[in-house]
Amino acid sequence: MKVKKPVLLKNVLIMHDNPVKIGITTRDAGNFRMSDKNFWINMFNISNHRAIQSGKFNFMKPEHETRIRSIKENNIDHFSGDGLFYKHQDRFVAMIHCSHITISKGIIFKTFNNIKSFVSIDKLNAFIYPGICQDCYEVREDVIQKFQDHSKCFKNHKSDSSKKMMDIAKIIHEQVFKSGIHDKNINTIKTCSAHTVISYTPAFYSWRARKETSRNLIFVKLPNSEKLLCSNTGDCPYLFLYK
Ligand SMILES: [Zn+2]
């Protein structure tokens with residue numbers, strides 16, 4: 001696994017940019033929800049700053065289920081669910097909302113099962129936006145029980161051994177690797193929705209850290225495609241599979 005350094009443009013953290021562009025807005029960009037009218041204004045502002053440019057987009061509203069949808073060319077719409085994939089020319093991308101709920105319901109393995117008939121899994125790359133880090137993510141016993149296959153992804157809190165901390169990005173990594181993607185083709189960055197700061201201000205909205213219900217916009221764009229696939233997240237990680 002490679003750990004990359006993110007690049008900060010105006011309002012947007014570009015996490016991966018070759019050849020597929022993956023990014024997330026910082027809190028400077030404002031709240032992103034489908035029901036928020038500001039969404040459109042903020043999209044325009046971001047386009048102006050050339051961080052992302054798109055005339056067409058698909059917006060996925062997470063619902064902590066395992067609904068996965070294939071996006072066809074030239075339809076612009078909204079969609080409730082937790083996974084979508086899109087093919088364009090010889091390129092492919094899947095975007096998967098990885099909460100502890102969706103992962104425990106098998107969304108990662110279900111996605112691989114969905115796409116393996118038309119994509120060679122061993123030719124794919126993976127990028128993990130880690131969401132909340134292990135040091136900030138205490139989980140209850142019922143959550144730990146759901147991930148008994150991932151015992152190395154838990155540790156005690158550094159000063160309170162009664163608190164169990166979960167490394168959700170590592171769980172994603174283990175499932176992606178188990179699904180057939182080479183370790184050298186799995187990328188991530190070091191950020192945390194709860195504790196990462198930019199210019200002394202928290203970079204992202206976080207329910208866990210600050211009880212914020214506002215959301216960060218996360219997006220992916222294939223080269224030679226105008227379409228922007230986006231969703232919103234607080235502390236949850238996202239997995240991107242692409243070629
Ligand atoms: Zn953290």
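Visitor: What should I keep in mind before we start?

Guide: Residues are numbered from 1 along each chain as its sequence is written. This is a predicted model, where local features need pLDDT of at least 70, side-chain atom pairs count only at pLDDT 80 or more, and totals for chains, interfaces and linings use all residues.

Visitor: How many helices and strands are there in the protein chain, and what makes a stretch a helix or a strand?

Guide: The chain has 6 helices and 19 strands. Both are DSSP runs numbered from the N terminus: helices are H or I with at least four residues, strands are E with at least two.

Visitor: How do you know that S6 and S8 pair?

Guide: Strands pair if DSSP finds at least two bridges between them. S6 (residues 68-71) and S8 (residues 83-88) have 4 bridges, in the parallel sense, so they qualify under that rule.

Visitor: Why are S1 and S6 said to stand at the edges?

Guide: Start with the sheet itself: 7 strands form an open sheet with mixed pairing, in the order S1-S14-S10-S19-S9-S8-S6. S1 (2-4) and S6 each have a single partner strand, so one side of each has no neighbour in the sheet. The twist averages 20 degrees from one strand to the next; axes are lines fitted to C-alpha atoms, for helices over the stretch in contact, and angles run from 0 to 180 degrees between N-to-C directions.

Visitor: Which strands does helix H3 touch as it packs on the sheet?

Guide: H3 (residues 107-115) touches S6, S8, S9 and S19, and its direction makes about 155 degrees with that of S9. Contact here asks for C-beta atoms, placed from the backbone, within 7 Å.

Visitor: Why do you say that the buried residues of H3 line one face?

Guide: The buried ones are Ile107, Ile108, Thr111, Phe112 and Ile115. Down the axis of H3, these buried residues fall within an arc of 140 degrees, so they line one face of the helix. That arc is taken over the directions from the helix axis to the C-beta atoms. They pack against S6, S8, S9, helix H2 (100-104), helix H5 (168-178) and S19.

Visitor: Why is Cys98 called buried?

Guide: A residue is buried if 20 or more other C-beta atoms lie within 10 Å of its own, exposed if 12 or fewer, and partly exposed in between, with C-beta atoms placed from the backbone. Cys98 has 26 other C-beta atoms within 10 Å, so it is buried. Cys98 is found in the loop between S9 and H2. Its C-alpha atom is separated by 7.8 Å from that of Ile172, 74 residues apart along the chain.

Visitor: And what makes Ala203 buried?

Guide: Ala203 has 23 other C-beta atoms within 10 Å, so it counts as buried. Ala203 is in the loop between strand S16 (201-202) and helix H6 (207-210). Leaving out residues up to four places away in sequence, Ala203 touches Thr26, Arg27, Thr196, Val197 and Ile198.

Visitor: Which members of the largest nonpolar core touch the most other members?

Guide: Of its 57 residues, those are Val93, Met95, Ala126, Ile172, Leu229, Leu239 and Phe240. A nonpolar core is a set of buried Ala, Val, Leu, Ile, Met, Phe, Trp, Tyr and Cys residues joined through C-beta atoms within 7 Å. Ala126 also has Leu241 in S19 as a bridge partner.

Visitor: What is the strand order in the S2 to S7 sheet?

Guide: This open sheet of 7 strands runs S2-S3-S4-S17-S18-S5-S7, with mixed pairing. Its edge strands are S2 (7-9) and S7 (77-80), each pairing on one side only. Within the sheet, S4 (residues 21-25) and S17 (residues 216-221) pair in the antiparallel sense over 4 bridges, and Ile24 stands opposite Ile218 in S17.

Note on methods. Contact = placed C-beta atoms within 7 Å.
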